[in-house]
Amino acid sequence: MSKEHNEEEYVEVKVKKSTLKYEKDLENLQIELLKFQNHVKAQGLKILIILEGRDGAGKGGSIKRLTEHLNPRGCRVVALSKPNVVEQTQWYFQRYVNHLPSAGEIVIFDRSWYNRAGVEYVMGFCTPEQHEQFLREVPLFEHMLFKSGVMLLKIYLSVSKEQQRKRFKERMKNPLKQYKLSPIDQKSQELWDKYTIAKYSMLLSSNTETCPWTIIDSNDKKQARLNLIRFILSQVEYPGKKDGKFARIDEGLVRSGEAEIFKMEAGAGKNKDIANSENENISQEVEDER
(Lines give C-alpha, C1' and ligand atoms only; values in the text may rest on other atoms or scores of the structure.)
Protein backbone atom coordinates (compact mmCIF):
# COMPACT_ATOMS: atom_id res chain seq x y z
CA MET A 1 0.00 0.00 0.00
CA SER A 2 1.45 3.38 -1.01
CA LYS A 3 2.29 6.18 1.42
CA GLU A 4 -0.12 8.45 -0.45
CA HIS A 5 -2.97 6.00 0.08
CA ASN A 6 -2.23 5.75 3.82
CA GLU A 7 -2.37 9.53 4.22
CA GLU A 8 -5.80 9.61 2.64
CA GLU A 9 -7.22 7.24 5.26
CA TYR A 10 -6.55 9.46 8.30
CA VAL A 11 -7.48 13.03 9.11
CA GLU A 12 -6.31 14.96 12.14
CA VAL A 13 -9.26 16.37 14.07
CA LYS A 14 -9.08 18.79 16.99
CA VAL A 15 -11.64 18.28 19.73
CA LYS A 16 -12.22 20.52 22.73
CA LYS A 17 -11.33 18.99 26.09
CA SER A 18 -14.78 20.02 27.34
CA THR A 19 -16.38 17.96 24.55
CA LEU A 20 -14.33 14.90 25.46
CA LYS A 21 -15.29 15.30 29.11
CA TYR A 22 -18.97 15.65 28.20
CA GLU A 23 -18.87 12.52 26.06
CA LYS A 24 -17.12 10.53 28.79
CA ASP A 25 -19.56 11.72 31.48
CA LEU A 26 -22.49 10.92 29.20
CA GLU A 27 -21.16 7.42 28.54
CA ASN A 28 -20.76 6.77 32.28
CA LEU A 29 -24.25 8.05 32.98
CA GLN A 30 -25.78 5.95 30.22
CA ILE A 31 -24.12 2.87 31.73
CA GLU A 32 -25.75 3.79 35.04
CA LEU A 33 -29.08 4.18 33.27
CA LEU A 34 -28.86 0.57 32.11
CA LYS A 35 -28.34 -0.54 35.73
CA PHE A 36 -31.28 1.67 36.68
CA GLN A 37 -33.49 0.08 34.02
CA ASN A 38 -32.51 -3.43 35.10
CA HIS A 39 -33.47 -2.55 38.67
CA VAL A 40 -36.80 -1.09 37.55
CA LYS A 41 -37.59 -4.33 35.72
CA ALA A 42 -36.41 -6.59 38.55
CA GLN A 43 -38.37 -4.73 41.22
CA GLY A 44 -41.46 -4.06 39.12
CA LEU A 45 -41.20 -0.29 39.55
CA LYS A 46 -43.40 2.05 37.55
CA ILE A 47 -41.44 5.12 36.45
CA LEU A 48 -43.12 8.06 34.76
CA ILE A 49 -40.92 10.94 33.63
CA ILE A 50 -42.61 14.14 32.49
CA LEU A 51 -40.35 16.50 30.55
CA GLU A 52 -41.65 20.01 30.03
CA GLY A 53 -40.19 23.35 28.93
CA ARG A 54 -40.62 26.14 26.46
CA ASP A 55 -40.08 25.57 22.75
CA GLY A 56 -36.36 25.30 22.08
CA ALA A 57 -35.51 24.24 25.63
CA GLY A 58 -33.79 21.05 24.44
CA LYS A 59 -36.37 18.41 25.34
CA GLY A 60 -35.88 16.32 22.19
CA GLY A 61 -32.10 16.13 22.44
CA SER A 62 -32.28 15.31 26.14
CA ILE A 63 -34.73 12.47 25.55
CA LYS A 64 -32.53 11.10 22.76
CA ARG A 65 -29.51 10.87 25.09
CA LEU A 66 -31.63 9.51 27.89
CA THR A 67 -33.05 6.63 25.86
CA GLU A 68 -30.52 5.81 23.13
CA HIS A 69 -28.96 2.84 24.97
CA LEU A 70 -31.96 1.67 27.01
CA ASN A 71 -33.87 -1.47 26.11
CA PRO A 72 -36.92 -0.26 24.14
CA ARG A 73 -38.96 -3.16 25.51
CA GLY A 74 -38.90 -1.54 28.91
CA CYS A 75 -38.83 2.12 27.97
CA ARG A 76 -41.33 4.12 25.94
CA VAL A 77 -41.42 7.74 24.80
CA VAL A 78 -44.92 9.22 24.52
CA ALA A 79 -45.38 12.32 22.37
CA LEU A 80 -49.06 12.71 21.61
CA SER A 81 -50.34 14.85 18.77
CA LYS A 82 -53.22 17.26 19.26
CA PRO A 83 -56.46 15.55 20.40
CA ASN A 84 -58.78 14.27 17.69
CA VAL A 85 -62.52 14.94 17.53
CA VAL A 86 -63.39 12.04 19.84
CA GLU A 87 -60.64 12.85 22.36
CA GLN A 88 -61.87 16.43 22.58
CA THR A 89 -65.12 15.12 24.06
CA GLN A 90 -63.36 12.98 26.70
CA TRP A 91 -62.14 13.73 30.21
CA TYR A 92 -58.97 15.75 29.66
CA PHE A 93 -56.63 13.23 31.31
CA GLN A 94 -58.23 10.22 29.62
CA ARG A 95 -55.98 9.93 26.59
CA TYR A 96 -52.87 10.05 28.78
CA VAL A 97 -54.03 7.28 31.13
CA ASN A 98 -53.64 4.61 28.43
CA HIS A 99 -49.91 5.41 28.24
CA LEU A 100 -49.08 5.17 31.95
CA PRO A 101 -46.30 2.71 32.89
CA SER A 102 -46.91 -0.89 33.86
CA ALA A 103 -44.72 -2.70 36.41
CA GLY A 104 -41.08 -2.79 35.33
CA GLU A 105 -41.51 -0.01 32.78
CA ILE A 106 -40.10 3.48 32.23
CA VAL A 107 -42.35 5.90 30.33
CA ILE A 108 -41.20 9.35 29.23
CA PHE A 109 -43.76 11.98 28.28
CA ASP A 110 -42.35 14.47 25.78
CA ARG A 111 -44.85 17.09 26.85
CA SER A 112 -47.86 15.84 28.73
CA TRP A 113 -51.14 16.90 30.28
CA TYR A 114 -49.30 20.12 31.15
CA ASN A 115 -50.01 21.28 27.60
CA ARG A 116 -53.19 22.68 29.12
CA ALA A 117 -51.18 24.73 31.62
CA GLY A 118 -48.97 26.18 28.90
CA VAL A 119 -49.46 26.23 25.15
CA GLU A 120 -53.21 25.50 25.19
CA TYR A 121 -53.89 28.32 27.63
CA VAL A 122 -51.54 30.87 26.08
CA MET A 123 -52.61 30.16 22.49
CA GLY A 124 -56.32 30.10 23.33
CA PHE A 125 -56.81 26.38 22.57
CA CYS A 126 -58.75 26.01 25.83
CA THR A 127 -61.04 28.36 27.71
CA PRO A 128 -59.99 30.16 30.92
CA GLU A 129 -62.51 27.96 32.76
CA GLN A 130 -60.90 24.78 31.39
CA HIS A 131 -57.48 26.10 32.42
CA GLU A 132 -58.66 26.83 35.95
CA GLN A 133 -60.30 23.42 36.20
CA PHE A 134 -57.07 21.76 35.09
CA LEU A 135 -55.04 23.59 37.74
CA ARG A 136 -57.48 22.41 40.41
CA GLU A 137 -57.59 18.81 39.20
CA VAL A 138 -53.94 18.09 38.29
CA PRO A 139 -52.61 17.77 41.86
CA LEU A 140 -55.48 15.39 42.69
CA PHE A 141 -54.85 13.31 39.57
CA GLU A 142 -51.12 13.08 40.24
CA HIS A 143 -51.71 12.16 43.88
CA MET A 144 -53.81 9.24 42.62
CA LEU A 145 -50.87 8.13 40.49
CA PHE A 146 -48.57 8.40 43.49
CA LYS A 147 -50.90 6.35 45.66
CA SER A 148 -51.10 3.68 42.94
CA GLY A 149 -47.32 3.18 43.05
CA VAL A 150 -46.23 5.31 40.09
CA MET A 151 -42.96 7.18 40.66
CA LEU A 152 -43.62 10.50 38.95
CA LEU A 153 -40.61 12.65 38.07
CA LYS A 154 -41.60 16.09 36.74
CA ILE A 155 -38.75 17.98 35.12
CA TYR A 156 -38.89 21.44 33.54
CA LEU A 157 -36.06 22.54 31.23
CA SER A 158 -35.63 26.28 31.62
CA VAL A 159 -34.22 28.28 28.71
CA SER A 160 -33.69 32.05 28.53
CA LYS A 161 -35.48 34.26 26.02
CA GLU A 162 -32.23 35.14 24.27
CA GLN A 163 -31.12 31.52 24.01
CA GLN A 164 -34.51 30.51 22.66
CA ARG A 165 -34.23 33.21 19.99
CA LYS A 166 -30.79 31.93 18.96
CA ARG A 167 -32.04 28.36 18.69
CA PHE A 168 -34.99 29.39 16.54
CA LYS A 169 -32.61 31.20 14.17
CA GLU A 170 -30.42 28.09 13.99
CA ARG A 171 -33.45 25.97 13.12
CA MET A 172 -34.35 28.30 10.28
CA LYS A 173 -30.85 28.01 8.80
CA ASN A 174 -30.36 24.28 9.31
CA PRO A 175 -32.37 22.09 6.87
CA LEU A 176 -32.07 19.14 9.28
CA LYS A 177 -33.79 21.10 12.05
CA GLN A 178 -36.47 22.97 10.12
CA TYR A 179 -39.02 20.25 10.85
CA LYS A 180 -38.96 21.46 14.46
CA LEU A 181 -40.31 24.87 13.49
CA SER A 182 -44.05 25.50 13.73
CA PRO A 183 -46.32 28.55 13.81
CA ILE A 184 -46.57 28.06 17.59
CA ASP A 185 -42.78 28.16 17.91
CA GLN A 186 -42.67 31.43 16.01
CA LYS A 187 -45.14 32.94 18.49
CA SER A 188 -43.08 31.89 21.51
CA GLN A 189 -40.87 34.97 21.57
CA GLU A 190 -43.79 37.34 21.10
CA LEU A 191 -45.77 35.64 23.88
CA TRP A 192 -42.81 35.11 26.22
CA ASP A 193 -44.35 36.97 29.16
CA LYS A 194 -47.67 35.15 28.87
CA TYR A 195 -45.83 31.84 28.95
CA THR A 196 -44.00 33.06 32.05
CA ILE A 197 -47.28 33.75 33.84
CA ALA A 198 -48.63 30.36 32.72
CA LYS A 199 -45.51 28.63 34.05
CA TYR A 200 -45.86 30.42 37.37
CA SER A 201 -49.50 29.40 37.74
CA MET A 202 -48.59 25.82 36.85
CA LEU A 203 -45.88 25.64 39.51
CA LEU A 204 -48.10 27.16 42.18
CA SER A 205 -50.83 24.63 41.52
CA SER A 206 -48.86 21.45 40.87
CA ASN A 207 -45.62 21.64 42.84
CA THR A 208 -46.76 19.34 45.64
CA GLU A 209 -44.96 17.40 48.35
CA THR A 210 -45.61 14.03 46.72
CA CYS A 211 -45.13 15.16 43.09
CA PRO A 212 -42.74 18.12 43.07
CA TRP A 213 -41.16 19.84 40.09
CA THR A 214 -37.42 19.95 39.39
CA ILE A 215 -36.08 22.81 37.28
CA ILE A 216 -32.96 22.35 35.13
CA ASP A 217 -31.33 25.31 33.37
CA SER A 218 -30.89 24.37 29.72
CA ASN A 219 -29.07 27.32 28.17
CA ASP A 220 -26.17 24.87 27.90
CA LYS A 221 -27.86 21.86 26.31
CA LYS A 222 -25.03 19.44 27.05
CA GLN A 223 -24.99 20.26 30.76
CA ALA A 224 -28.80 20.06 30.84
CA ARG A 225 -28.66 16.52 29.39
CA LEU A 226 -26.12 15.42 31.98
CA ASN A 227 -28.04 16.98 34.87
CA LEU A 228 -31.30 15.44 33.67
CA ILE A 229 -29.81 11.94 33.79
CA ARG A 230 -28.06 12.65 37.09
CA PHE A 231 -31.31 13.77 38.68
CA ILE A 232 -33.23 10.69 37.50
CA LEU A 233 -30.50 8.36 38.78
CA SER A 234 -30.46 10.17 42.14
CA GLN A 235 -34.09 9.23 42.80
CA VAL A 236 -33.55 5.47 43.05
CA GLU A 237 -30.94 3.26 44.74
CA TYR A 238 -29.97 0.29 42.56
CA PRO A 239 -27.31 -2.45 42.70
CA GLY A 240 -23.82 -1.47 41.52
CA LYS A 241 -24.55 2.26 41.61
CA LYS A 242 -21.44 4.40 41.15
CA ASP A 243 -21.21 7.80 42.80
CA GLY A 244 -18.29 9.46 41.07
CA LYS A 245 -17.86 13.08 40.07
CA PHE A 246 -19.63 12.36 36.78
CA ALA A 247 -22.84 11.56 38.70
CA ARG A 248 -22.96 14.69 40.85
CA ILE A 249 -25.77 17.12 40.11
CA ASP A 250 -24.68 20.69 39.38
CA GLU A 251 -26.62 22.51 42.09
CA GLY A 252 -26.05 25.81 40.31
CA LEU A 253 -28.13 24.55 37.36
CA VAL A 254 -30.72 22.40 39.14
CA ARG A 255 -33.28 23.64 41.67
CA SER A 256 -36.57 22.66 43.22
CA GLY A 257 -39.97 23.85 42.08
CA GLU A 258 -40.30 25.82 45.30
CA ALA A 259 -37.00 27.61 44.65
CA GLU A 260 -38.17 28.44 41.12
CA ILE A 261 -41.40 29.95 42.48
CA PHE A 262 -39.45 32.19 44.84
CA LYS A 263 -37.05 33.12 42.03
CA MET A 264 -39.92 34.12 39.76
CA GLU A 265 -41.59 36.13 42.50
CA ALA A 266 -38.33 37.96 43.23
CA GLY A 267 -37.67 38.64 39.56
CA ALA A 268 -41.17 39.72 38.59
CA GLY A 269 -40.80 43.22 40.01
CA LYS A 270 -37.39 43.70 38.36
CA ASN A 271 -38.19 42.36 34.92
CA LYS A 272 -39.18 45.25 32.69
CA ASP A 273 -40.50 42.86 30.05
CA ILE A 274 -43.36 41.83 32.31
CA ALA A 275 -46.25 44.28 32.10
CA ASN A 276 -47.75 45.81 35.25
CA SER A 277 -50.99 43.96 34.69
CA GLU A 278 -49.14 40.66 34.63
CA ASN A 279 -47.35 41.54 37.87
CA GLU A 280 -50.75 42.16 39.40
CA ASN A 281 -51.85 38.72 38.21
CA ILE A 282 -48.83 37.15 39.93
CA SER A 283 -49.57 38.96 43.18
CA GLN A 284 -53.22 37.93 43.08
CA GLU A 285 -52.34 34.31 42.32
CA VAL A 286 -49.92 34.25 45.25
CA GLU A 287 -52.67 35.52 47.56
CA ASP A 288 -55.21 33.07 46.17
CA GLU A 289 -52.90 30.08 46.63
CA ARG A 290 -51.76 31.06 50.12
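I began with S112, which I found in the loop between β3 and α5 (119-122). A note on the names: helices (H or I, at least four residues) and strands (E, at least two) are DSSP runs, numbered from the N terminus. Before going on, I wrote down that this is a predicted model, where local features need pLDDT of at least 70, side-chain atom pairs count only at pLDDT 80 or more, and totals for chains, interfaces and linings use all residues. Residues are numbered from 1 along each chain as its sequence is written, and side-chain values use heavy atoms, with hydrogens and water left out.

**Entry 1: S112.** Is S112 buried or exposed? I looked it up: S112 is buried, because its relative accessible area is 1%. Here buried means under 20% relative accessible area, exposed means over 50%, and partly exposed is in between (1.4 Å probe, protein chains only). I then listed what S112 touches, leaving aside its neighbours within four places in sequence: I50, E52, Y92 and Y96. Contact means heavy atoms within 4.5 Å.

**Entry 2: the sheet.** Next I traced the strands. There are 6 of them in an open sheet, in the order β2-β3-β1-β4-β5-β6, with mixed pairing. Two strands pair if DSSP finds at least two bridges between them. The edge strands are β2 (75-78) and β6 (254-256), each pairing on one side only. From one strand to the next, the twist averages 20°.

**Entry 3: strand by strand.** I followed β1 (residues 46-53) to β4 (residues 150-158): they pair in the parallel sense over 8 bridges. I47 has M151 of β4 as its bridge partner. β1 also runs parallel to β3, joined by 6 bridges, and here I50 is partnered by F109 of β3. β2 and β3 run parallel too, with 4 bridges, and V78 stands opposite F109 in β3. How many residues of β3 are buried? I got 5 of the 6, so β3 is largely enclosed by the rest of the structure.

**Entry 4: helix α2.** I saw that α2 lies across β1, β2 and β3 (105-110), running at about 120° to β3. Axes are lines fitted to C-alpha atoms, for helices over the stretch in contact, and angles run from 0 to 180 degrees between N-to-C directions. Helix α2 (residues 17-43) also packs with helix α10 (residues 221-234) at about 25°, their axes 10 Å apart. That makes α2 roughly parallel to α10. The cut-offs: under 35 degrees is roughly parallel, over 145 roughly antiparallel, 65 to 115 roughly perpendicular, and the rest oblique. The contact includes Y22, L26, L29 and F36 of α2, and L226, I229 and L233 of α10.

**Entry 5: helix α3.** The axes of α3 (residues 59-67) and α10 come within 9 Å and cross at roughly 55°. α3 and α10 are therefore oblique to each other. I noted who makes the contact: G61, S62, R65 and L66 of α3 with R225, L228, I229 and I232 of α10.

**Entry 6: R248.** Last, I turned to the loop between α10 and β6, where R248 lies. Is R248 buried or exposed? R248 is exposed, because its relative accessible area is 53%. I also checked the C-alpha atoms of R248 and S234: these residues are 14 apart along the chain, and the atoms are separated by 8.9 Å.
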